[in-house]
Amino acid sequence: MENEKLRKWRGEVIERFANVEYSINSIISQHYLKRVYLPFFLDILYDEYFSFGLRRRILEKIIVRLNVRELYKKRIQQLNRLNTIRNYFAHCNLRLFEQPESGLDFMTPDPRDVKIDIDFKKLYAEFFDKVEDVEKFLFEFTNKVGVVMTEEKKSKD
């Protein structure tokens, strides 16, 4: 695979997934604070230690509390898969020399089975096959929880 194409795909997947995470953050903020609150986003939800796993788990709790678990179960599974694919693009970039008998000159080993070359083309296609459904679900869910975008007013002192 061409390095330039892989870089382009990596950027597209990571950027699109950042938008997915933004939607989840909006839902979390709305559910707990009754509004989308910028300081909460910046100080809490965008903190480098606030993992996707925690974000997803909180979203699942909100879904359970609103008694819509079965309705969104498939979407949560898709969301998990999108995160896995995003992680491949974000963290797997090592191109290793492989033995000629394998038929591969270079490969990016799959962390789950280092004898397998990661098929970024397949992962890219799978990501974009699933992401629109997940975005649609998140958009519907932001409406369901009543997301309202607000900004903290600064005092005139």
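**Helix 1 and helix 3**

I looked up how helix 1 passes helix 3 and found a left-handed crossing (left-handed if the near helix is turned anticlockwise from the far one by less than a right angle, right-handed if clockwise). Helices here are DSSP runs of H or I with at least four residues, numbered from the N terminus. The model is predicted, so local features need pLDDT of at least 70 and side-chain atom pairs count only at pLDDT 80 or more, while totals for chains, interfaces and linings use all residues. Residues are numbered from 1 along each chain as its sequence is written, and side-chain values use heavy atoms, with hydrogens and water left out.

I then took the geometry: the axes of helix 1 and helix 3 come within 10 Å and cross at roughly 50°. Axes are lines fitted to C-alpha atoms, for helices over the stretch in contact, and angles run from 0 to 180 degrees between N-to-C directions. Helix 1 is therefore oblique to helix 3 (under 35 degrees is roughly parallel, over 145 roughly antiparallel, 65 to 115 roughly perpendicular, the rest oblique).

I listed the contact (heavy atoms within 4.5 Å): helix 1 brings F17, E21, I24, N25, I27, I28, H31 and Y32, and helix 3 brings F52, R55, I58, L59, I62 and R65. By class I noted nine nonpolar, two polar and three charged residues in the contact of helix 1 with helix 3. Ala, Val, Leu, Ile, Met, Phe, Trp, Tyr, Cys and Pro count as nonpolar, Asp, Glu, Lys and Arg as charged, and the others, Gly among them, as polar.

**Helix 1 and helix 2**

I checked helix 2 (residues 38-45) next; helix 1 packs with it at an angle of about 115°, the axes 10 Å apart. Helix 1 is therefore roughly perpendicular to helix 2. I read the crossing of helix 1 with helix 2 as right-handed. Y22, N25, S26, I28, S29 and L33 of helix 1 meet F40, F41 and L45 of helix 2. That contact of helix 1 with helix 2 holds six nonpolar, three polar and no charged residues.

**Helix 4 and helix 5**

I looked up helix 4 (residues 69-91) and helix 5 (residues 120-145), whose axes come within 8 Å and cross at roughly 135°. Helix 4 is therefore oblique to helix 5. Their contact has 15 nonpolar, one polar and six charged residues.

**Largest pocket**

I put the volume of the largest pocket at about 160 Å³. I listed its lining as A18, E21, N25, L45, Y46, D47, E48, F50, S51, F52 and R55. A pocket is an open set of points on a 1 Å grid over the protein atoms alone, where a 1.4 Å probe fits, with protein on both sides within 12 Å along at least five of seven lines; lining residues have an atom within 4 Å of a point. Grid points are joined across faces, edges and corners, and a volume is the space filled by probe spheres set on the points. Helix 1 gives the most to this lining, with three residues.

Technical notes
Helix = DSSP H or I, 4+ residues; strand = E, 2+ residues; numbered from the N terminus.
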